[in-house]
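Here is a short report for a reader who is new to this structure.

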Amino acid sequence: VQSEPETVCNVAISFDRCKITSVTCSCGNKDIFYCAHVVALSLYRIRKPDQVKLHLPISETLFQMNRDQLQKFVQYLITVHHTEVLPTAQKLADEILSQNSEINQVHGAPDPTAGASIDDENCWHLDEEQVQEQVKLFLSQGGYHGSGKQLNLLFAKVREMLKMRDSNGARMLTLITEQFMADPRLSLWTQQGTAMTDKYRQLWDELGALWMCIVLNPHCKLEQKSSWLKQLKKWNSVDVCPWEDGNHGNELPNLTNALPQGANANQESLGQCKSLEYQHLPAHKFLEEGESYLTLAVEVALIGLGQQRIMPDGLYAQEKVCRNEEQLISKLQEIELDDTLVKIFRKQAVFLLEGGPYSGLGEVIHRESVPMHTFAKYLFTSLLPHDAELAYKTALRAMRLLVLESTAPSGDLSRPHHIASVVPNRYPRWFTLSHIESQQCELASTMLTAAKGDVQRLETVLESIQKNIHSSSHIFKLAQDAFKIATLMDSLPDITLLKVSLELGLQ
C-alpha cells in the first residue's frame, strides 16, 4: 500500500520432494496460511529457478575445505552475526573440545540443507498452534463477525488437502476437532438440556463428513486408520460430545423452520451454482469394460440413496436425512445420462427391487424405514425414456408410507417369513411427516402426468394412490392435477384421466 513504508523481510523456506516443509519470516504475521512474503518467494523460486543458485548441502562444501579455510569460514560467520551466534558458538566450541560431552558421542553433525532421508515422512508445513488459536477464536465469537464462514473456509482447506493427498488434511482436522470438543458451550448446553443452534450443528455435520472422507480414503495405511479409530472413540466417549440427533432435552423441538420444498432448496441462491461438466475418466483397474470414475461414482450414489434405513428420532436428524438425500440427487441431476449411465440406472433399479432387507425398495421393509419417494421420483424420470416398465415398477413400489398403516404389508402369504405382524401402538415422532407426504404426492403426480393416454397404467397409479396416500388434502391436490393434465389446451380431454380425477375428488 502506497501510504505504508516499504519493509524488507527475511524469509527462509525449506523444501523436501517438491513440498514446502518449513517457513520462517521476519514479518511476524501469524496465520494458518503462508504470509504474502513466503508466497512471493515461493513464486519467485518457481518462475525464476535460474535466479536462485543451487548449492550442494553445506556439509559437502565444508568437507572440501582444508583446516585454514574452515577456520576462516567459522570466524567470518561469527563476525557477521556475532551478536546472535557468539554465545552459541562458544558453547559448541567448549562441548567439542570436551571429550566426554554429548556432542562427541554422536557421529557426524546435522545439516539443515541436506534434506530428509528418502524413507522419512515429508509433508507440507502447517502451523499447528495457529490452527488451534484461529478455531478457538472463531468458536468464541459464537457465530458473529462471519466466524461460521471462516470455519467453513478451514473445512474447505481440509477438503483441498485431502484432494491433493496431503497428509496434513487429517492433522488439521484433528486440531479443529479438538478445539470443537473443548468449546465451553458444549458442557453448558448439556447441563441445561438445550439443543445447540442449527448453524453450529451444521459445522459439526461438516466435521463428521470430513472424518468420513479421511477414514474411507483408500490410500491410507492400516496403522493410520487404527489410530484415527482410537481417536474418534476417545472423542465419542466424552460426555459433552454432541449427539448427531441433538435432542438432549425433552422439550418439543421448534418446528417453525420448515423444510424447504424441492431438490434444489438447499443450494446456494407419489446464480452462485457452478455449472459443472462431468466426463468419463477411465479407471486404472477396470471392473468391467466401459467403466469409469463417473460410472462408479453414480453407482455408489444410487446404492447409497436406495439403502433401507430407519428414520432417526430427533427433528434435526430427520431434516438432515431429507436434506442430504436432496443434495445428492441435485448433484446427480447435473449429470447428463448417456447409454453407459442408463445401463447403471437399470442395473441398480433391478437390484434395489430385488434387494431384500438391505434395500429401501425391497418387497418388505420396516414400518419406520425412511420413505423412497424423492429418490424414486428421480429414478422414474431418469428411466422413463429408456425403460418405462422398470420406471413404473420402481415408482409404484416406492409409493408406500408404512408409518401411517395400521399393519405391515402382508407380502406373499405362501412364504411364512412374509406373514404380517401386528404393529405396536406407539406412533413414532416423525417431525418431517408433512414434507414426506408432499414428496409422496409429487411422486404420484409425476406418474399421473407420464401415464396420460395409457389406460392400464393410469388405473394402476390410481390404485396405488388410493392404497398409499392417507392425506385428504393431498388426494384432493392429485384430483386437481389429474384434471389439469386431462384438459390441456393442445389436445382432446383424456377420458381416463378425467375418471381418475373424479374418483380421487370423490374419495
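A residue is called buried under 20% relative accessible area, exposed over 50%, and partly exposed in between (1.4 Å probe, protein chains only). At 37% relative accessibility, Arg159 therefore counts as partly exposed.

The model is predicted: local features need pLDDT of at least 70, side-chain atom pairs count only at pLDDT 80 or more, and totals for chains, interfaces and linings use all residues. Residues are numbered from 1 along each chain as its sequence is written, and side-chain values use heavy atoms, with hydrogens and water left out.

**Salt bridges**

A salt bridge is a side-chain nitrogen of Lys or Arg within 4 Å of a carboxyl oxygen of Asp or Glu. The whole structure holds 12 salt bridges. The table gives three of them.

| Pair | N to O distance |
|---|---|
| Lys91 and Glu95 | 3.1 Å |
| Arg159 and Glu206 | 3.0 Å |
| Arg457 and Asp454 | 3.7 Å |

The Arg159 and Glu206 pair links distant parts of the chain. Arg159 lies in helix 6, Glu206 in helix 9 (residues 198-215), and 47 residues separate them. Helices (H or I, at least four residues) and strands (E, at least two) are DSSP runs, numbered from the N terminus.

Lys91 and Glu95 sit together in helix 4. They are 4 residues apart, about one turn of the helix. Is Lys91 buried or exposed? Lys91 is exposed, because its relative accessible area is 51%. Glu95 is partly exposed, at 26%.

Arg457 and Asp454 belong to a network of salt bridges that also takes in Glu389. Arg457 is partly exposed at 22% relative accessibility. Asp454 is partly exposed too, with a relative accessible area of 30%.

**Helix 6 and the annotated span**

Helix 6 covers residues 147-163 and includes Gln150. Gln150 has a relative accessible area of 32%, so Gln150 is partly exposed. Val135 is 15 residues from Gln150 in sequence. In space, the two are 8.8 Å apart, C-alpha to C-alpha.

An unreviewed UniProt entry places the feature "domain: SWIM-type" at residues 9-46. UniProt positions are given in the numbering used here, feature names are shortened, and annotations may be inferred rather than shown by experiment. In the model, residues 9-46 are 29% helix and 34% strand. The end C-alpha atoms of this span lie 19 Å apart.

**A pocket and a cavity**

On a 1 Å grid over the protein atoms alone, a cavity is a set of points where a 1.4 Å probe fits but cannot get out. A pocket is an open set with protein on both sides within 12 Å along at least five of seven lines. Lining residues have an atom within 4 Å of a point. Grid points are joined across faces, edges and corners, and a volume is the space filled by probe spheres set on the points.

The second largest pocket holds about 1200 Å³ of space. Its lining has 26 residues, with Leu62, Val74, Leu77, Leu92 and Ile96 nearest the centre. Helix 4 gives the most to this lining, with 7 residues. The lining divides into 19 nonpolar, 6 polar and 1 charged. Here Ala, Val, Leu, Ile, Met, Phe, Trp, Tyr, Cys and Pro count as nonpolar, Asp, Glu, Lys and Arg as charged, and the others, Gly among them, as polar.

The largest cavity holds about 100 Å³. Its lining includes Met311, Cys322, His373 and Gln439. Which helix gives the most to the lining of the largest cavity? Helix 12 does, with 4 residues. By class, the cavity lining has 6 nonpolar, 4 polar and 2 charged residues.
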